[in-house]
Amino acid sequence: MSYHSTLKRLIIKILRFTMEIAIPKENKALENRVAATPETVKKFLSLGAKIKIEKGAGIKSNILDSDFENAGAKIVSDTEELIGNADIVLKVNTISNIGAGADNIDIYKKGTNLIGFLRPMQEKENIKRISEKGINAFSMELIPRISRAQSMDALSSQSNLAGYKAVINAVNILAKATPMMMTAAGTIAPAKVLVLGAGVAGLQAIATAKRLGAVVSAFDVRSATREQVESLGGKFIEVSETSNNNTPNEDSKGYAKTMSQEYQKKQREVLHGIIKSQNIVISTALIPGKEAPELITSEMVKDMQNGSIIIDLAAEAGGNCKLTKMDHEKVIEGVKIFGPSNLPSEVSQDSSNLYSKNLLNFVSLMIKDKNINIDFQDEILKTSCVCYEGKLNEY
Ligand code: NAD
């Protein structure tokens, strides 16, 4: 090789673009999660990226700046320096209107790839603002639920923890023991737990309540969930299938359908009968992109036992209980109703860990030969993209 070509290759190597990935501190209230861990930092470095993390970003997930530094990341105090040079910004929450720190949209450079829970269905105006700024945005909620994308499915990883934490929180405030106990002074009956919606969060709620010794019943419109509920030791509550105008209760993708009026009436009658004897109700029923179905009426709440608890995970989508108020506790005739919007944040060490791995697997799809190379032939990248080069995508 001649001297000139060696020199040329050397210069190209020096000038070669090193992509920068930035992980800011989350500003949203009640948010303890962070979008990277020392483990994912090491993996990103091996993919050829430079990693910058905002000072203190991991503290609420029990990750110290020194842990990130030891993994090879650079800690940055100035958010403008962090975000302004980044090619990829990994966040938990979208860029809000708070306007401070990483939520100040003006500090993002054109062409930055923003990845996080961007709430595309709920925050259309915000997505438009992000698009107009020239930021390319990919939303973790839109990752298709196909087998190749399982390791990137952040909705599932976070819902699983939410189902667990909902039961733990309810048990913690219930003025009653959960398992059956036989003592010399008498027998304590096990707590009764009802789970509405047996998807990811619901199934974990059933498993957790069973492990704590409760008697668990569950209901879902999709009859396919019966087997899963029963395999976890729960009792599946049957609402006559034939009352949905004789049509199947799920669509071709396996999601629940909106049920007929007749079915909903029957469902309420069945639930009203069962809910009276329950100590804890965990509700998780939702069809993606729709308002949460109202399963627990005010009359049902009035008929519940004094001291019983409802944890309504669907609060953000309007709630499964008529009386739910998001992020508030309500007490109606002795029944405590909670509508937490962010339970994964309450187990931030694990939720950050799983979410960061989801992000790593997703971002790996867009890195080829140490460079960003977004191939929209890839169904996962195409489906999750909300805007690119100033154009909004349909989703
Ligand atoms: P999922 O899609 O896996 O499960 C939802 C289940 O509800 C499905 O099995 C579906 O068949 C069922 N369903 C739909 N309509 C129904 C009806 N009318 N009656 C009974 N069941 C019905 O979703 P998921 O990931 O388990 O999440 C469940 C809910 O929890 C969603 O509302 C999600 O936004 C919420 N969530 C809340 C938190 C939080 O901290 N509050 C965290 C994660 C998820």
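Author: What follows goes from the sheet to the core, and then to a helix elsewhere in the chain. The model is a predicted one, in which local features need pLDDT of at least 70 and side-chain atom pairs count only at pLDDT 80 or more, while totals for chains, interfaces and linings use all residues. Residues are numbered from 1 along each chain as its sequence is written, and side-chain values use heavy atoms, with hydrogens and water left out.

The open sheet has 8 strands in the order E3-E2-E1-E4-E5-E6-E18-E19, and its pairing is mixed. Strands (E, at least two residues) and helices (H or I, at least four) are DSSP runs numbered from the N terminus, and two strands pair if DSSP finds at least two bridges between them. At the edges stand strand E3 (74-76) and strand E19 (391-392), and because each has a single partner strand, one side of each is left without a neighbour in the sheet. E5 and strand E6 (residues 136-139) run parallel and are joined by 4 bridges, and Asn113 stands opposite Asn136 in E6. Helix H2 packs on this sheet, touching E1, E2 and E4, and its direction makes about 150° with that of E2; such axes are lines fitted to C-alpha atoms, for helices over the stretch in contact, and the angles run from 0 to 180 degrees between N-to-C directions.

Strand E4 includes Asn93, which is buried with a relative accessible area of 10%, where buried means under 20% relative accessible area, exposed over 50%, and partly exposed in between (1.4 Å probe, protein chains only). Setting aside neighbours within four places in sequence, Asn93 is in contact (heavy atoms within 4.5 Å) with Glu26, Lys28, Glu31 and Phe117.

Now to the core, a term for a set of buried Ala, Val, Leu, Ile, Met, Phe, Trp, Tyr and Cys residues joined through side-chain atoms within 4.5 Å. The largest nonpolar core has 40 residues, of which Ile53, Leu90, Ile115 and Phe362 touch the most other members. Among the elements that give two or more residues to this core are strand E1 (20-23), strand E2 (50-54), strand E4 (88-93), strand E5 (113-117) and helix H11 (348-364), and H11 gives the most, with 5 residues. With its neighbours within four places in sequence left aside, Ile115 has contacts that include Leu90, Phe138, Leu359 and Phe362. Apart from this core lies another, of 26 residues, among them Ala198, Ile206, Ala214 and Val216.

For a comparison with a helix, consider H9 (residues 261-275), whose 15 residues reach 21 Å from the first C-alpha to the last, close to the 21 Å expected at 1.5 Å a residue, the expected span being 1.5 Å times one less than the number of residues. Its buried residues are Tyr263, Gln267, Val270, Leu271 and Ile275. Seen down the axis of H9, these buried residues fall within an arc of 125°, so they line one face of the helix; the arc is that of the directions from the helix axis to the C-beta atoms. The buried residues of H9 pack against strand E9 (192-196), strand E10 (215-219), strand E12 (280-283) and helix H10 (298-302), whereas Gln261 and Lys265, on the other side of H9, are exposed.
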